[in-house]
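Colleague: I would like to learn how to read a model like this one. Can we take it feature by feature?

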Amino acid sequence: MVVMTHLHRDHVGWNLSAQGTKFVPTFPNARYWMSETDWKACHDADVQPARFPNAPSCVWPLEQLGLIEFMRGEHAITRELTAVPTPGHTPGHVSILITSGNERALVLGDAAHSPVQIENPDWVSRADMDPDLTRQTRRALIERLDREQILVAAGHFEAPGFGRIVRLEGRRYWRGL
Ligand SMILES: [Zn+2]
């Protein structure tokens, strides 16, 4: 299974490679999971060129190859993996909740790009397509990650990007593992 948190260029670039006039999936035995909302957004002529510039070569051909599985709303991908809608950064952005025994972790996707956004959840980046929804989503998510002490895997944070939300004198911070 290849599961995409969203369809921005830095999260889809290895789906396919071009061989002559054909596109070949990087993982030929995999199915490719994505939010149906993002699939629609990456076909919206008003936003596709600026927001999803490599969708025509890295996402769209998956349809012809019959490899797409759509996720709608909160979606159980396997017994351990659940896609949780965290919209704003893109309309159909999801984070991936991992449950194993009594432990849980969340693959954040781009619900935050920097540890500074744990302290200042309202600081949006220009990559956040809907700033207000991004803020709302991020606030609720940080609240939950803190309350439930869920381990976080944050792809854009400093490597290795694993950590937890901690509280100090009434404020929340990122603490790397
Ligand atoms: Zn992104």
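Modeller: Start with the core. This is a predicted model. Its largest nonpolar core has 34 residues. L7, M34, C42, V59 and L108 have the most contacts inside it.

Colleague: How many residues does the core draw from each of domain 1 and domain 2?

Modeller: At least three from each of domain 1 (1-72) and domain 2 (74-177). Take L7 as a case. Beyond its neighbours within four places in sequence, L7 is in contact with V12, M34, D38, C42, F52, A55, V59 and T90.

Colleague: Then the domains. How far apart are the C-alpha centres of domain 1 and domain 2?

Modeller: Those centres lie 23 Å apart. Now count contacts: 15 residues of domain 1 touch 16 residues of domain 2.

Colleague: Which elements give two or more residues to the side of domain 1 that touches domain 2?

Modeller: β4 (32-35) and α1 (36-41) do. α1 gives the most, with four residues. By type, this side of domain 1 divides into six nonpolar, five polar and four charged residues.

Colleague: On to the sheet. What should I read first?

Modeller: The pairing. Strands of a sheet pair through backbone hydrogen bonds, either parallel or antiparallel. In this model an open sheet of seven strands runs in the order β6-β7-β8-β9-β10-β11-β12, and its pairing is mixed.

Colleague: Why is one side of β6 and of β12 left without a neighbour in the sheet?

Modeller: β6 (75-76) and β12 (171-176) stand at the edges and have a single partner strand each, so one side of each has no neighbour in the sheet.

Colleague: In which sense do β8 and β9 pair?

Modeller: Antiparallel, over five bridges, with β8 at residues 94-100 and β9 at residues 103-107. I96 has V107 in β9 as its bridge partner. The hairpin has two residues between the strands, and G101 takes a positive phi near 60 degrees there.

Colleague: How many bridges join β9 to β10?

Modeller: Three, and β9 and β10 (residues 151-153) run parallel. A105 stands opposite L151 in β10. L106 has V152 as its bridge partner in β10.

Colleague: Now single residues. Is A111 buried or exposed?

Modeller: Buried. A residue counts as buried if 20 or more other C-beta atoms lie within 10 Å of its own. A111 has 30 such neighbours, so it passes that mark. A111 is in the loop between β9 and α5. Apart from residues up to four places away in sequence, A111 touches T86, H89, H93, S95, T137, R138 and L141.

Colleague: And is D122 buried or exposed?

Modeller: Exposed. The cut-off is 12 or fewer C-beta neighbours. D122 has 12 within 10 Å, so it counts as exposed. D122 sits in the loop between α5 (116-119) and α6 (131-147).

Colleague: What separates the C-alpha atoms of D122 and R138?

Modeller: A distance of 8.1 Å, with the two residues 16 apart along the chain. For A111 and G66, 45 residues apart along the chain, the C-alpha separation is 29 Å.

Notes
Residues numbered from 1 in each chain as written. Predicted model: local features only at pLDDT ≥ 70, side-chain atom pairs only at ≥ 80, totals over all residues. Domains from an automatic or database assignment. Contact = placed C-beta atoms within 7 Å. Nonpolar A, V, L, I, M, F, W, Y, C, P; charged D, E, K, R; others polar. Pairing = 2+ DSSP bridges. Core = buried A, V, L, I, M, F, W, Y, C linked by C-beta atoms within 7 Å.
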